[in-house]
Every structure is written in structure tokens, then in C-alpha cells.
Amino acid sequence: MAALDSLSLFTSLGLSEQKARETLKNSALSAQLREAATQAQQTLGSTIDKATGILLYGLASRLRDTRRLSFLVSYIASKKIHTEPQLSAALEYVRSHPLDPIDTVDFERECGVGVIVTPEQIEEAVEAAINRHRPQLLVERYHFNMGLLMGEARAVLKWADGETADQTLSLME
């Protein structure tokens, strides 16, 4: 595939032009990302949304066992894996389970496939974290380490969208 075609493909996945050019300099990463994108296009058609493209890039750049590429791309393309924490869990799972076959039920459980976290659940977790630290919050006010609250809320809701949790927390401040 010509470099210009690859550059166009990589930018269509959501990479900046600079990041796409850097990726082209790494032939192994370029080949793996092209393969991942081609496989995803078989499921999604020619257009891959930016969120999926970024996950494919994360997969291509971090996957060491290329035998698992098709398996993981199918989960990303079908939106069963749609967040960075899920991708990290999936990569860890295939790294720690190198032998075939993969137990898909165990894999999906470990990666949060099918887990839906509602905005209400996020709000409840954030409220609980705030309530646990309310006395300290009232004393320290704006000097309180908000990262502590975010970390507690995220720990309770492992598969929640972190951005939504952060927005909920900022609204409650």
C-alpha cells in the first residue's frame, strides 16, 4: 500500500496527520494497523468512526501476539469493546491466556463486554464518594484532592465512561 494511501487511512481512523506520519515510520506498527483497519472495514464498511479508530490504533500499538488481532478487532468493530479500559483488560487477558482456544465467556466477563453503566449509577457512585469525604471536603474546600473522589468513583464503576463520571463530579462540586 502506498504511503499516501496509508496516511489517508490512518487519518481517517482519527489520528492526527503528525501521528499518522510517525506511525508510517514504524513498519511493523503500520502493517498491524492497516490489517486491523482492513478487518474492521469488513464489519463496519469503509468508514470507521474516530472512537473505533483510536481503539484500533491502541490495539495495533500494544498487541504483541498477532494471532489475536482478528479476535480483538472483531470485538472492537462490533462495539463489544468500546472503551480504553475494556481494551486494556482485553490485551491483558490475551497476554495472560496465550493458549488456544480463548474462553469467550470468561474473556467477555473479564473485559466488561455487555456491561452497561447508567448515568444514574455514575451519579450514585460519585455521591457516595463525596459523602465519604464530606467532612474533609468542607474543611479543605477547593484545596481538596478531587482525584481521590474520581478514583473512588471509577473503582466502583470499572466499566463506566470516565468522561461521564468526571463531568458528573464537576457538576456536583
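**Note on helix packing and the nonpolar cores**

1. Leaving aside neighbours within four places in sequence, Leu 72 is in contact (heavy atoms within 4.5 Å) with Leu 59, Leu 63, Ala 90, Leu 91, Val 94 and Phe 107. A second, separate core of eleven residues includes Ile 122, Ala 125, Ala 129 and Ala 153; a nonpolar core is here a set of buried Ala, Val, Leu, Ile, Met, Phe, Trp, Tyr and Cys residues joined through side-chain atoms within 4.5 Å.

2. On the basis of these remarks: the model is predicted, local features need pLDDT of at least 70, and side-chain atom pairs count only at pLDDT 80 or more, whereas totals for chains, interfaces and linings use all residues. Residues are numbered from 1 along each chain as its sequence is written, and side-chain values use heavy atoms, with hydrogens and water left out.

3. The largest nonpolar core has 37 residues, and those with the most contacts inside it are Leu 33, Leu 56, Leu 59, Leu 72, Ile 81 and Phe 107. Two or more residues of this core come from each of α1 (3-12), α3 (27-44), α4, α5, α6 and α7, where helices are DSSP runs (H or I, at least four residues) numbered from the N terminus. The most is given by α5, with seven residues.

4. Val 73 lies in helix α5 and, because its relative accessibility is 2%, counts as buried (under 20% relative accessible area, with a 1.4 Å probe and protein chains only). Not counting residues up to four places away in sequence, Val 73 touches Ala 36, Gln 39, Ala 40, Leu 56 and Leu 59; the C-alpha atoms of Val 73 and Ala 36 are 6.3 Å apart, although the two are 37 residues apart in sequence.

5. Helix α5 (residues 69-77) packs against helix α7 (residues 104-111) at an angle of about 55°, with the axes, which are lines fitted to C-alpha atoms over the stretch in contact, 13 Å apart. The contact brings Phe 71, Leu 72 and Tyr 75 of α5 to Thr 104, Phe 107 and Glu 108 of α7, and its residues divide into four nonpolar, one polar and one charged.

6. The axes of helix α4 (residues 50-62) and helix α6 (residues 84-96) come within 10 Å and cross at roughly 25°, and the two helices are therefore roughly parallel to each other. Leu 55, Gly 58, Leu 59 and Arg 62 of α4 make this contact with Glu 84, Leu 87, Ser 88, Leu 91 and Arg 95 of α6.

Note on methods: Axes fitted to C-alpha atoms, helices over the stretch in contact; angles between N-to-C directions. Nonpolar A, V, L, I, M, F, W, Y, C, P; charged D, E, K, R; others polar. Parallel < 35°, antiparallel > 145°, perpendicular 65-115°, else oblique. Buried < 20%, exposed > 50% of the residue type's maximum accessible area, 1.4 Å probe, protein only.
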